[in-house]
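Subject: Structure handover

Hello,

Please find the structure below. My notes on helix packing and salt bridges follow it.

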Amino acid sequence: MSRAGAGALRLAELIRAEQPVVALTGAGISVPSGIPDFRSPQTGLWANVDPMAVAHIDAFRRDPARFWSFYGQRFASLRGKRPNGAHHALVELERRGLLAGVVTQNIDGLHTAAGTRDLVEVHGSIATSSCLSCGSRYELEIVRGRLDAEPDGVPRCDCGDALKPDVVLFGELLPERALMRAQAMAAAAGVLLCVGSSLEVYPVAELPEITLRAGGRVAIVTRSATPYDADAELKLTGDVEEELEAVVAALQVGG
Ligand code: ZN
């Protein structure tokens with residue numbers, strides 16, 4: 001079990017003692033699946049672009065072809081990516097009744113692919129794309145097909161207008177129902193288990209505060225510093241897969 005051992009054991013005890021547990025995940029949980037965190041600079045195709053400028057709703061409305069020339073690469077970079085041990089560990093905890101649900105910032109769909117049942121995607125997901133003109137919605141594989149087939153690289157609705165991925169772009173409002181659900185889950189949590197997030201981006205940044213104010217605890221499994229490190233019951237800085245797999249193993253041993 002290596003370095004993950006001692007901290008993971010304490011986290012396992014906390015999970016057992018302070019139900020219900022809600023997980024809050026960010027880009028760090030998908031890094032072992034080969035998906036770079038686009039907010040950290042100098043990573044792959046994001047090295048030379050400003051996501052705030054290209055992944056902005058105004059950029060989509062102004063010039064869908066330019067938007068898709070960029071966002072199509074994001075779709076391509078997510079193609080074929082598989083959930084990793086950290087995603088599966090959360091599914092296992094949920095299956096055993098030790099995890100009430102997952103709130104995620106990620107749009108990659110890997111929690112769903114792993115089998116998480118109760119999932120709130122506060123930044124949306126690439127699972128579908130929608131037409132802003134007529135409201136039609138299309139599944140990912142259809143959007144991929146149209147993206148590949150269109151000469152200008154813009155996947156289009158049957159009505160002819162450009163499709164927009166159902167992810168929250170910069171400049172867009174967050175999905176209100178998902179946001180309210182995430183806030184309610186954070187308020188009810190005995191432990192908010194924060195995984196792979198620097199907890200700096202709204203709305204995720206406010207959720208640990210909601211848990212703490214309601215009398216719950218915060219546990220963090222993240223390499224980087226977060227604004228909640230001092231308030232957290234514990235913080236594990238090892239590899240996310242190793243840490244969470246060790247937690248699952250510790251809970252198995254304890255029955
Ligand atoms: Zn349409």
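**What was found**

The buried residues of helix α7 pack against α4 (64-78), β4 (124-131), β5 (137-139) and β6 (163-167). Please keep in mind that this is a predicted model.

Helix α7 spans residues 140-149, and its buried residues are L140, V143, R144 and L147. These residues lie on the same side of α7, because they cover an arc of only 100° around the axis. The exposed residues E141 and A149 sit on the face turned away from that buried side.

Now the salt bridges, of which the count is 13. One of them joins the side chains of R79 and D148, at 3.9 Å from N to O. This pair links distant parts of the chain, 69 residues apart: R79 is in the loop between α4 and α5 (85-95), and D148 is in helix α7. R79 is partly exposed, at 44% relative accessibility, while D148 is exposed, with a relative accessible area of 54%.

Another salt bridge is formed by E92 and R95, whose closest N and O atoms are 2.8 Å apart. Both belong to helix α5; because they are three residues apart there, about one helical turn separates them. R95 is exposed, at 56% relative accessible area.

R181 and D118 also meet through their side chains in a salt bridge, at 3.1 Å from N to O. Here too the pair links distant parts of the chain, with R181 in helix α8 (residues 176-188) and D118 in the loop between α6 (110-114) and β3 (119-121), 63 residues apart. R181 is partly exposed at 38%, and D118 is partly exposed at 24%.

Finally, a network of salt bridges links E18, R217 and E233.

Regards

Conventions: Residues numbered from 1 in each chain as written. Predicted model: local features only at pLDDT ≥ 70, side-chain atom pairs only at ≥ 80, totals over all residues. Heavy atoms only, no water. Buried < 20%, exposed > 50% of the residue type's maximum accessible area, 1.4 Å probe, protein only. Helix = DSSP H or I, 4+ residues; strand = E, 2+ residues; numbered from the N terminus. Arc of directions from axis to C-beta. Contact = heavy atoms within 4.5 Å. Salt bridge = Lys/Arg side-chain N within 4 Å of Asp/Glu carboxyl O.
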